[in-house]
Amino acid sequence: MPAGWVAAPAIRSGAPRVGRASSVTGPALTATAVSSGATVYYQWFADGVKVPGARSASWTPTAAYRGKNLTLGIAIARPAWKSLHQTVSFGRIG
């Protein structure tokens with residue numbers, strides 16, 4: 001999938017805190033990407049390990065994740081094309 005299919009990268013918001021949502025806006029896809037069937041997928045990670053069920057643009061850490069490093073993996077995929085990947089780092093969960 002051509003990198004030109006991303007109109008704007010993902011932008012993070014929210015400090016990583018227990019009980020507070022951390023999220024991203026985007027990435028924004030171009031009209032061509034959307035009409036071609038490109039899809040955005042999200043996966044949250046704590047210390048590099050997938051957080052079960054955390055597969056949306058926002059996630060609220062629980063006390064079990066306090067002190068762990070929070071990152072979000074983003075993939076933009078379309079059938080028969082190589083996926084584009086972006087990682088957004090949020091820092092340690094307080």
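**Arg-17 and the strands of a predicted model**

Me: Leaving aside neighbours within four places in sequence, which residues is Arg-17 in contact with in this predicted model?
Reply: Arg-17 is found in the loop between strand S2 (11-13) and strand S3 (22-25). Once its neighbours within four places in sequence are set aside, the residues in contact with Arg-17 are Pro-61, Ile-93 and Gly-94.

Me: Is Arg-17 buried, partly exposed or exposed?
Reply: Buried means under 20% relative accessible area and exposed means over 50%, with partly exposed in between. The relative accessible area of Arg-17 is 39%, so this residue is partly exposed.

Me: How far apart in space are Arg-17 and Leu-70, C-alpha to C-alpha?
Reply: In sequence, Arg-17 and Leu-70 are 53 residues apart. In space, their C-alpha to C-alpha separation is 9.9 Å.

Me: Which residue in S8 is the bridge partner of Tyr-42?
Reply: Strand S5 (residues 39-46) and strand S8 (residues 69-77) run antiparallel and are joined by 8 bridges. Within S8, Tyr-42 has as its bridge partner Ile-74.

Me: Which residue in the turn of the hairpin formed by S5 and S6 has a positive phi?
Reply: S5 and S6 pair in the antiparallel sense over 2 bridges, and the bridge partner of Phe-45 in S6 is Lys-50. The hairpin leaves 2 residues between the strands. In its turn, the residue with a positive phi, of about 55°, is Asp-47.

Me: Where in the chain is confidence lowest?
Reply: The chain averages a pLDDT of 91, and 97% of the residues score at least 70. Confidence is highest in strand S6 (residues 49-50), at 98. Confidence is lowest, at a mean of 84, in helix H1 (residues 31-35).

Note on methods: Residues numbered from 1 in each chain as written. Predicted model: local features only at pLDDT ≥ 70, side-chain atom pairs only at ≥ 80, totals over all residues. Heavy atoms only, no water. Helix = DSSP H or I, 4+ residues; strand = E, 2+ residues; numbered from the N terminus. Buried < 20%, exposed > 50% of the residue type's maximum accessible area, 1.4 Å probe, protein only. Contact = heavy atoms within 4.5 Å. pLDDT = per-residue confidence, 0-100. Pairing = 2+ DSSP bridges.
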